[in-house]
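Okay, everyone, let me put today's model up on the screen. I'll start with a pocket and then work through the cores.

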Amino acid sequence: MKTEQELQPDWIQELASSPFNEPMFTEEMRSSVLNNAANGSVRMGRKKRRSPTRLRIMTASVFMLLLIVAAWGWRESPVIQQLIPIKGWGNAADWAPRSVYTEDGVDKLQAFPGGDNVAGSPAGAWWNLLTPIQDLEGKTIRISAVHRDTGITLEELAETKITSDMAYNDFTRVSSRFALPLSGLWRFDVMVDQEKYGDIVVDVPDSSWEPSPSFVSAASEDPVEAMLSSKYPPTEMTGIEGRLGFIDPGFIAGQPNKYMWHFWGRDEELTGDLHITAVKRNTSEIIDVFKVAGLRPSPLNGADAAIPTSMSLPSPGLWRIMVSINGQLFDSVIVEVDKP
């Protein structure tokens, strides 16, 4: 396993070395400075003194440049974060990845994200509250998540009543979907009866940006559904087979088009408000693409639910289209948007 220093970018390691091939402050310079100091002044020669105004402008410009470089370096290097905790981004210790929350030397909370837990896909998680059910039953739990780099805040678990079926040996276990739209550091604040119980920090990896594959949905055996399906040929789709997909006429930047979405899942998963968002590769700005209320199970083309949408993405490149139902990320699809 590589050390933290080995994982640093090359430019961070290069900053630690001198930019000069030879020592710039020689012994001769040292003697000259000491002699001048002893004589009470340093000669200026015939060079003009810089005006105070010009000197102030130059100093301010250099300071701003150093500030920009330092801020960018802080975001990219955990080492610099430890040395320079910047207000607004928080102390690095507050964002150190941890799956266990400890209070007064005693473990109080554990988190176990499932699967690959990559950005854009639901993975599920167990939250172990290391308190017996007898002390928590009847109270409520709520979990929120905040993204360090953007400040985006999401509801990981809506306020939920703690019940006896959450008992597990000598602790209490609660589950959530654990579906995050962006990679990077996320802090999860766990509240019990509106008071903070603990927090967990997870470094969520990015998902693959390979465009999602095409698949052909199985034809339905239901005669009514088969008749409806004939209105939307063909049934080749882009997405995740058995989860979600859409009949794909392609994407051209800035040009809206119609897309027929299909979903597979339980009735309760597929009932509610549909919200489609998107994020472009190498960015963190999430844009709204489509919203509609009243999605419900409606079998079509072998899927458990379907709905027509109008979508447009503003610029060419790879985009992750994320589908949420009732505020919960259902899953996502990667598409490539062409130039006009």
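So, strand S5 (153-161) gives the largest share of the lining of the second largest pocket, three residues. Strands here are DSSP runs of E, at least two residues, and helices are runs of H or I, at least four, numbered from the N terminus. Before I go on: this is a predicted model, where local features need pLDDT of at least 70 and side-chain atom pairs count only at pLDDT 80 or more, while totals for chains, interfaces and linings use all residues. Residues are numbered from 1 along each chain as its sequence is written, and side-chain values use heavy atoms, with hydrogens and water left out.

Back to that pocket. Its volume is about 400 Å³, and 16 residues line it, with Leu154, Pro181, Ser324, Gly327 and Leu329 the closest to its centre. A pocket here is an open set of points on a 1 Å grid over the protein atoms alone, where a 1.4 Å probe fits, with protein on both sides within 12 Å along at least five of seven lines; lining residues have an atom within 4 Å of a point. The volume is the space filled by probe spheres set on the points, which are joined across faces, edges and corners. Besides S5, strand S14 (272-280), S17 and S18 each supply at least two lining residues.

Now the cores, meaning sets of buried Ala, Val, Leu, Ile, Met, Phe, Trp, Tyr and Cys residues joined through side-chain atoms within 4.5 Å. Buried is under 20% relative accessible area, with a 1.4 Å probe and protein chains only. In the largest core, 34 residues, the members touching the most others are Trp127, Leu129, Ile141 and Phe188. Strands S17 (317-325) and S18 (328-337) are among the elements giving it two or more residues. Apart from it lies another core of 27 residues, including Phe246 and Val333.

Which residues does phenylalanine 188 contact? Beyond its neighbours within four places in sequence, the list includes Trp127, Ile143, Phe178 and Val202, contact being heavy atoms within 4.5 Å.

Last stop, threonine 172, in strand S7 (residues 171-176). Why does threonine 172 count as buried? Because its relative accessibility is 0%. Leaving out residues up to four places away, threonine 172 touches Trp127, Leu129, Ile133 and Met166, among others. Its C-alpha is 5.5 Å from that of isoleucine 133, 39 residues apart along the chain.

Conventions. Buried < 20%, exposed > 50% of the residue type's maximum accessible area, 1.4 Å probe, protein only.
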